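Morning, everyone. Please bring up the model on your screens, and we will walk through its rings, its backbone and its surface.

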Amino acid sequence: VDNGKIVEFCAEPGAFRWDASTEPSLFCGDFFKGMIESFKRIGYRFTFGGDLGSQQRVYYVNVKEILDNRFGTTTPMPYDDPYYKTALYVRYFGQYSFRITDPVIFFSNIAGNVADAYTRSQLMDTCTNEFMTALDSSLAQCALEGVKFSLLPTKQREIAAYMNQTLDEEWHQKRGMEIISVALVKVTPDDKSRERIEEFDSNVMH
């Protein structure tokens, strides 16, 4: 990076040498081929005539799946349960994983030209609200698909797919990130919803 702008990148294992007097090599590997297009849009390249730029840095971006990101609702959220045919209010808790799929976009739009390190906690400060909003939308999609609230923890793949559709612009296009998995560990109705559920089940049994 020179003065905050990306001038070269490498996403392949092995030794790498950067030469300011040559054209960028842009080693991206099979998984990160989209980085070349991102570089054309965001990055830039120039030569220094043999002189060093005023401020050059090398950054390493973690492109492994980032696990154990916990989430949970502070208050019960409505869920239009197709089985009970009513809006139940539930709390849900769980964890998710994500991956940085385009480090060029991620650095340019999120991490920036930090002097030290950009950590997961800093990223979560920015993204948690967006994640929870997208999760609410994804659970609403599950309701439309006929998923009973108690079966939501079994729909991890479907929820992750809905999340990526919902977050495509905010996370994938603007931040170079995507959701890998979403695991709802617990879904609990509030007291009034539990009473309605018990009443419904009792009537069905009779």
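Predicted model: local features only at pLDDT ≥ 70, side-chain atom pairs only at ≥ 80, totals over all residues.

Residues are numbered from 1 along each chain as its sequence is written, and side-chain values use heavy atoms, with hydrogens and water left out.

Aromatics, then. How many aromatic pairs does the structure hold? Twelve. A pair means rings of Phe, Tyr or Trp (its six-membered ring) with centres within 6.5 Å; planes under 30 degrees apart are stacked, over 60 edge-to-face, and the rest tilted.

Take Tyr-59 and Phe-107. Their centres are 5.0 Å apart, with 50 degrees between the planes, and the pair is tilted. It links distant parts of the chain, 48 residues apart: Tyr-59 sits in the loop between α1 and β1, Phe-107 in helix α2, residues 103–111. Helices here are DSSP runs of H or I, at least four residues, and strands are runs of E, at least two, numbered from the N terminus. Is Phe-107 buried or exposed? Buried, at 7% relative accessible area. Tyr-59 is partly exposed, at 23%. The cut-offs: buried is under 20% relative accessible area, exposed is over 50%, partly exposed is in between, with a 1.4 Å probe and protein chains only.

Next, Tyr-84 and Phe-200. The ring centres are 5.1 Å apart and the planes are at 75 degrees, so this pair is edge-to-face. Tyr-84 lies in the loop between β2 and β3, and Phe-200 in helix α6, residues 191–205, so the pair ties together parts that are 116 residues apart in sequence. Tyr-84 is buried, at 8%. Phe-200 is partly exposed, at 27%.

Which residues form one aromatic cluster? Phe-71, Tyr-96, Phe-98, Phe-131 and Trp-171.

Lys-148 lies over the face of Tyr-83, 4.3 Å from the ring centre. The test is NZ of Lys or CZ of Arg within 6 Å of the ring centre and within 35 degrees of the ring normal.

Now the backbone. Asp-68 has a phi near 60 degrees, positive in a residue other than glycine. Where is Asp-68 found? In strand β1, residues 66–72. Asp-68 is partly exposed, at 39%. Lys-85 also has a positive phi, near 55 degrees, and is not glycine either. Lys-85 is in the loop between β2 (77–81) and β3 (86–100). Lys-85 is exposed, at 70%.

On to Lys-174. This residue is in helix α5, residues 168–175, and is partly exposed at 44%. Lys-174 and Asp-102 are 72 residues apart in sequence, yet 9.8 Å apart in space, C-alpha to C-alpha. What does Lys-174 contact, leaving aside neighbours within four places in sequence? Ile-105, Asn-109 and Glu-169. Contact means heavy atoms within 4.5 Å.

Phe-16 lies in the segment before α1 (34–42). Phe-16 counts as partly exposed, at 34% relative accessibility.

That is the tour. Over to you.
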